[in-house]
Amino acid sequence: MPGGVSSPVRAFRSVGGQPIVFDRVKGPFAWDVDGNRYIDYIGSWGPAICGHAHPEVIAALQEALEKGTSFGAPCELENQLAEKVIEAVPSVEMVRFVNSGTEACMSVLRLMRAFTGRDKVIKFEGCYHGHADMFLVKAGSGVATLGLPDSPGVPRSTTANTLTAPYNDLEAVKQLFAENPDAICGVILEPVVGNAGFITPEPGFLEGLRELTQEHGALLVFDEVMTGFRVSYGGAQARFGITPDLTTMGKVIGGGLPVGAYGGKAEIMEMVAPAGPMYQAGTLSGNPLAMTAGIKTLELLSQEGSYEKLEATTSRLIEGILNAAKEAEIPITGSSIGAMFGFFLCEGPVRNFEEAKATDAELFGKLHRAMLERGVYLAPSAFEAGFTSLAHSDAEIEATLQAFRDSFASLQA
Ligand code: KE4
């Protein structure tokens, strides 16, 4: 397998050392093949928000297994999960399930273009919308640029219509619209960035994008693959009170099994085949096992107090991390929203990807290794976010903060 992994970030290339091979996970913990236990702050990159292998999710899957693993035909579980998503997420009146966030984002871009008849799209430097060609764009310098392929194999023709702007920079977006009149189908963004490290929207940024897209007859799309059901039950759009036209989802709604989704206004979604002419399909889309895990996960999350607990756990964690670094006189800036957190090892503030690059990635690599040795598993990259779960109790948070204090001290030496 290239690099020995099924997804590049797992290979520890940016933090050094060899990746940890997991054997099993449960609650807030992961065990490697040598029996070492870690407090896990990746949670499978988001899905394990109720804790790994939650007994009620496992039991529901065991029951569903008896009825088969995949039908290739409609099943009522799809409608049950669809109803939960529609009820929870303000922008979603209609939803289509796919098998990954990448599939959700590539499909939503096709829909944006089909609905508006326009080809250009605006994304932000540092935001990640899966690995479909159109989104693998080198962030340009200056206010914005036509995309240049980041990866070999991505033809320039594919990214020629992908425009980029710095995150939190409304003026740059205004300029793009001015330079490309009636040619931009929409703006897609992570409403809270988790793929350039953790970057939050500045006051007025999301509102400004909502107004700008409306003004130019373009669509506003929130990529909530990571923030969906994590920063609140209704996602970032519910938390910030800004309703996009379309939303992509993944991770949490699959409860650990492969599920992605895109949804939004019925008027737009009606274009998706077979209701409309825009084609998109998938053999395993809506399969009963993945739907079962998603339904049970959302049931658990919708229980009274879930998000208050997640918020309290996560803000206690990040405050402790910031204090630990300051005690060790190590420059740090960071924050959290809901069950998502992140920090950069630099003075800050970090408002966009350019400023994120000021983080001391080498020092982060040393911190990552020191924390692993103390039984804490952080994302193996300075440009990722951290994820907590309902299973992270005070004991795990305190143990984690002690490991940070000891690790920061060891870095100072
Ligand atoms: P997947 O195709 O990996 O399911 O989803 C792509 C995607 C789309 N949009 C956002 C906002 C995302 O965060 C992701 C996937 N996130 C990464 C973590 N940075 C997945 C981990 C990985 O690539 O292995």
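The briefing below takes up the ligand site, the sheets, the cysteines, a helix contact and the backbone geometry.

This is a predicted model, in which local features need pLDDT of at least 70 and side-chain atom pairs count only at pLDDT 80 or more, whereas totals for chains, interfaces and linings use all residues. Residues are numbered from 1 along each chain as its sequence is written, and side-chain values use heavy atoms, with hydrogens and water left out.

**Ligand site**

- The ligand is surrounded by 16 residues, of which the closest are Ser7, Thr102, Asn195, Asp223 and Glu384; a residue is near a molecule or strand if one of its heavy atoms lies within 4 Å of it.
- By class, this shell holds five nonpolar, seven polar and four charged residues, where Ala, Val, Leu, Ile, Met, Phe, Trp, Tyr, Cys and Pro count as nonpolar, Asp, Glu, Lys and Arg as charged, and the others, Gly among them, as polar.
- Polar contacts are pairs of N or O atoms within 3.5 Å; within protein, one atom must be able to donate a hydrogen and the other to accept it, and residues adjacent in sequence count only if both atoms are side-chain atoms.
- A nitrogen atom of the ligand lies 2.4 Å from a polar side-chain atom of Asn195, and a ligand nitrogen atom is also found 2.7 Å from an N or O atom in the side chain of Asp223.
- An oxygen atom of the ligand lies 2.6 Å from a polar side-chain atom of Ser7.
- Of the 540 Å² of accessible area that the ligand has on its own, the protein covers 86%; accessible areas come from the Shrake-Rupley method with a 1.4 Å probe, and for residues only the protein chains shown count as cover.

**Strands and sheets**

- Helices (H or I, at least four residues) and strands (E, at least two) are DSSP runs numbered from the N terminus, and two strands pair if DSSP finds at least two bridges between them.
- Strand 1 and strand 2 form a hairpin with two residues between them, and Gly27 in the turn has a positive phi of about 60°.
- Two bridges join the antiparallel strands 15 and 17, and Phe341 has Gly386 as its bridge partner in strand 17.

**Cysteines**

- The whole structure contains zero disulfides, a disulfide being a pair of cysteine sulfur atoms within 2.5 Å.
- Cys185 is buried at 0% relative accessibility, and Cys75 is buried with a relative accessible area of 10%; buried means under 20% relative accessible area, exposed over 50%, and partly exposed in between (1.4 Å probe, protein chains only).

- Ser107 is placed in helix 3 (residues 101-116) and counts as buried at 3% relative accessibility.
- A polar atom of the Ser107 side chain lies 2.6 Å from the backbone oxygen of Glu103.

**Backbone geometry in loops**

- The peptide bond between Ala273 and Pro274 is cis, with omega about 5°, and Pro274 is found in the loop between helix 8 (266-269) and helix 9 (288-301).
- A cis peptide bond also runs from Gly348 to Pro349, with omega near -5°, and Pro349 is found in the loop between strand 15 (340-344) and helix 11 (353-356).
- Trp45 has a positive phi of about 70° although it is not a glycine; Trp45 is in the loop between strand 3 (37-40) and helix 1 (55-65), and is buried at 14% relative accessibility.
- Asn168, also not a glycine, has a positive phi of about 70°; Asn168 is found in the loop between strand 9 (162-165) and helix 5 (170-179), and counts as buried at 14% relative accessibility.
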